Amino acid sequence: MNAPTAHRPALVLAVCCASIVVVVMDISIVTVALPSIRRDLGASVSGLQWTVDAYTLVLAGFLVLAGSAADRFGRKRVFQCGLAAFGLGSLLCSLAPGIGWLIAARALQAIGGTMLNPVAMAIVATTFPAPAERARAIGVFGSMSGLALALGPILGGALVDGFGWRAVFWVNVPIVAAALVATALFVPESRAPRARRFDPLGQLLVLVVLGSVVYALIESRPLGWTSPLVLGLFAVAALGVAGLLVHEPRRTDPLLELHLFRNVAFSSAIVMAVLALCGFGIFLFTATQYLQDVRGLPPLAAGLCLLPVGVLVLVLSPRTGRLVGTTGPRLPLVVAGSALALGGAAAAWLGPATPLPLVLAVFLLFGVFLGTVNPPITNTAVSGMPGSMAGVAASLASTGRQTGTTLGVALAGSAHGVWWLVAGLGAGLLALALVGTRRRAEALSLPRPTG
């Protein structure tokens, strides 16, 4: 065992936690800066959507590939490449002269981010081999997502108010630089005993499907749903799905393990992840526009209005994890679906003159939702899976969450009555929670055919 692993595991955990904080924070911190970006760069609504979706789309599309690359080439090496790409992307974002440059730099940021989140989890798991220590370390690592969501809007608001929107990007640079140095000094190298083979055609098809759907949703607002471009993009996405259904089962190591979807619990978990985070993506994008553009709040005040959401995530997520471990995922998912449905329905009645305490009370419902939804989704995804497939199942659940966030932001600017759409997503989550977490559904797991 390397000396850094033997003597400095806490530092390894700290480096991994710093990486997850900057990656997750850059989903929420940017939303507070969007009105300022629009004014400064003259961006359209679709340009603002792509500023968020260029990031989340790349995260969703490359998560599985980044994990397999780290297993093959070395987790420390890929982690360092991810930090460098994320830092460079952040610097380019801060220097962007126009919205096109900003969107391209956000995509580069996300390429780095895909090499941080799943790889950091693998580094933590190998650094803490004892089960009890590993569980505690993973718990600390997982809680950082809640911390990042809580800090993102507040830090973003303070930076935009004090230094302008470019500050929300250059603040990442010193953090990444320190993490690069610490990684070189303290993080041990590790690889998987057997690395999965790359699936370039599968990766291309996934990007085609996700990119076409998101592009169609964003362009449907200015062009209309019956536009030849929009209909053509949906047709391309359908062909991409057909290609995946034909190609992936023929691969020894497919990018997407489609046979896992024969498991009712797993399939339900992926759909729930998409529905849940789609609702969150809509909330985050729409709420910041409402607070600043409709109510006229400055960025810091808008960020503070979102503080209750982050606080509830911090408070509820660890308790939800313990509850899932003792009673199963159904109750937290029922609470999450109900809170999302009620939050969407209540937010539909918010207006410019709605008392601010009432607005904050509505936002609390979204905090309850987000604080109770992630642990049971991951648990449902891996329940009934053989141990060898648990990592793949968890990574696909993460991909589902990122895909949901991406679709939510795309829908936020293209759909009318968007809060009622959120209520519908909550109702769908509630229904799946009741169906997909039944004990007999969790037991339905068909092993993958050999040969």
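Contact here means heavy atoms within 4.5 Å. I am working on a predicted model, where local features need pLDDT of at least 70, side-chain atom pairs count only at pLDDT 80 or more, and totals for chains, interfaces and linings use all residues. Residues are numbered from 1 along each chain as its sequence is written, and side-chain values use heavy atoms, with hydrogens and water left out.

**Entry 1**

I looked up F363. Leaving out residues up to four places away in sequence, F363 touches F283, A287, L291, C305, L306 and V309. Helices are DSSP runs (H or I, at least four residues), numbered from the N terminus.

**Entry 2: S94**

I found S94 in helix α4 (residues 75–94). Is S94 buried or exposed? S94 counts as buried because its relative accessibility is 7%; the cut-offs are under 20% for buried, over 50% for exposed and partly exposed in between, with a 1.4 Å probe and protein chains only. Beyond four places in sequence, S94 touches R166, F169 and W170.

**Entry 3: α10 and α11**

I took helix α10 (residues 200–223) and helix α11 (residues 228–247). They pack at an angle of about 160°, with their axes 8 Å apart. So α10 is roughly antiparallel to α11 (an angle over 145 degrees, on a scale from 0 to 180). By class, their contact has 18 nonpolar, 6 polar and 1 charged residues.

Terms used:
Helix = DSSP H or I, 4+ residues; strand = E, 2+ residues; numbered from the N terminus. Parallel < 35°, antiparallel > 145°, perpendicular 65-115°, else oblique. Nonpolar A, V, L, I, M, F, W, Y, C, P; charged D, E, K, R; others polar.
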